[in-house]
Amino acid sequence: MPSNKSVSDAPIVQFTNCRILRDHQLQREDLWVREGKILNPEKLFFDEKGSADAQLDCKGSIIAPGFIDVQINGGFGVDFSLATDDFKSGIDLVSQKILSHGVTSFCPTLVTSPPSVYHQILPQISVRNGGAHGAGVLGAHLEGPFISREKKGAHPEHCLRTFEASAFQDLLATYGSLDCVRIVTLAPEMKRSSEVIQELTKRGICVSLGHSVANLSQAEEAVQHGATFITHLFNAMLPFHHRDPGIVGLLTSDKIPPGRRVFYGMISDGIHTNPAALRIAHRAHPRGLVLVTDAIAGMGLAPGRHTLGQQVVEIDGLNTYIAGTKTLSGSVATMDTCVRHFQEATGCSVETALEAASLHPAQLLGIEHNKGTLNYGSDADFLMLNDNLYVRATYIAGQEVWRQDASGM
């Protein structure tokens, strides 16, 4: 038994009367937290002879890991692709507001922009832990500009780029720095993309395939060189064709290197993907599905005109279009809404729906030992939800950072 001197005297909080999502199942157990981490109660009792300093009755709530959004372009009037002098205050606002959606960590996402925008914005993004100030920042997701003209979607065509002879140097010159970058979305059919994928992967940056007209063999080659993600499956890529299923075919490909898993993002807002397509993808490859909001500056605001980087977009109900067109441009759905829609559309279990927004994005980013689970030793980033998967309270590092008030607001 260790000496008591080696044991922390920090307060221990015991969350009772709850069902905890652990090992893919909701289990009737208590949750123990100390110093921002999930505690193993057996070690506490038997090694330390310790007990809780405080108890909190969860009143039958589900306790699940905090949601992780790896593709969010902004929200509440803030556009992450718009270079402003007070960019950091915009990040702060969004990170605070998304706590009510159950998001405890996120990747601010920049759509295709001119190099000057990347050079101005990226130095202002810093990886940081979450807390009372808001959700944690895991690093930037750069969606473009190395994407297909045919599948540019809402990305401005005049800003698109290709890889020239010194491909990786082109990318570095465009972005200016990769210090805070976590994910890069590119089109794998581009010449010299393989060497770029290898260089990014070497640096621990996740490569995602998207806004692309790649065929299946091009997509498989990209995965063999290190790509691990697909940006918003079905959107901005060739539709599934039985003779060449394109990027979508990666979900059931037999050319994935052993021990590797391909993940894919899905915007489960009822607009971007028909429920039948959501069901097809989920049934084909359930362990790879990652829910993303792809939310834009208009999330949380009234319908009307807003921005997405260099473009003006129009919000009409839950639909967001490039102004004057019918081209979809991101979403205004919140992460908790996406989780509920996914569960309803697929008929999957509550556990599966919650893991698609927590465990799977953590696994994609290789941070599942700290986030996305409630295993012992993990960060105590978690949510209390009711049986209909509405968020009641959000905790980061064991501290309550948001709670639904008595009026239900």
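I looked up charges over rings: R340 sits over the face of Y390, 3.7 Å from the ring centre. The criterion is NZ of Lys or CZ of Arg within 6 Å of the ring centre and within 35 degrees of the ring normal.

I noted the ground rules. This is a predicted model, with local features needing pLDDT of at least 70 and side-chain atom pairs pLDDT 80 or more, while totals for chains, interfaces and linings use all residues. Residues are numbered from 1 along each chain as its sequence is written, and side-chain values use heavy atoms, without hydrogens and water.

Next, aromatic pairs. I searched the whole structure and found eight. Rings of Phe, Tyr and Trp (its six-membered ring) pair with centres within 6.5 Å; planes under 30 degrees apart are stacked, over 60 edge-to-face, the rest tilted.

I checked Y118 with Y175: edge-to-face, 5.0 Å between centres, 80 degrees between planes. Y118 is in helix α3 and Y175 in helix α4, 57 residues apart. Helices here are DSSP runs (H or I, at least four residues), and strands are E runs of at least two, numbered from the N terminus.

Y118 has a relative accessible area of 0%, and Y175 has 1%. Both count as buried (under 20% relative accessible area; exposed is over 50%, partly exposed in between; 1.4 Å probe, protein chains only).

I then took F146 with Y175. Their centres are 6.1 Å apart and their planes at 90 degrees, so this pair is edge-to-face. F146 lies in the loop between β13 and α4, and F146 is buried. Y118, F146, F163 and Y175 form one aromatic cluster.
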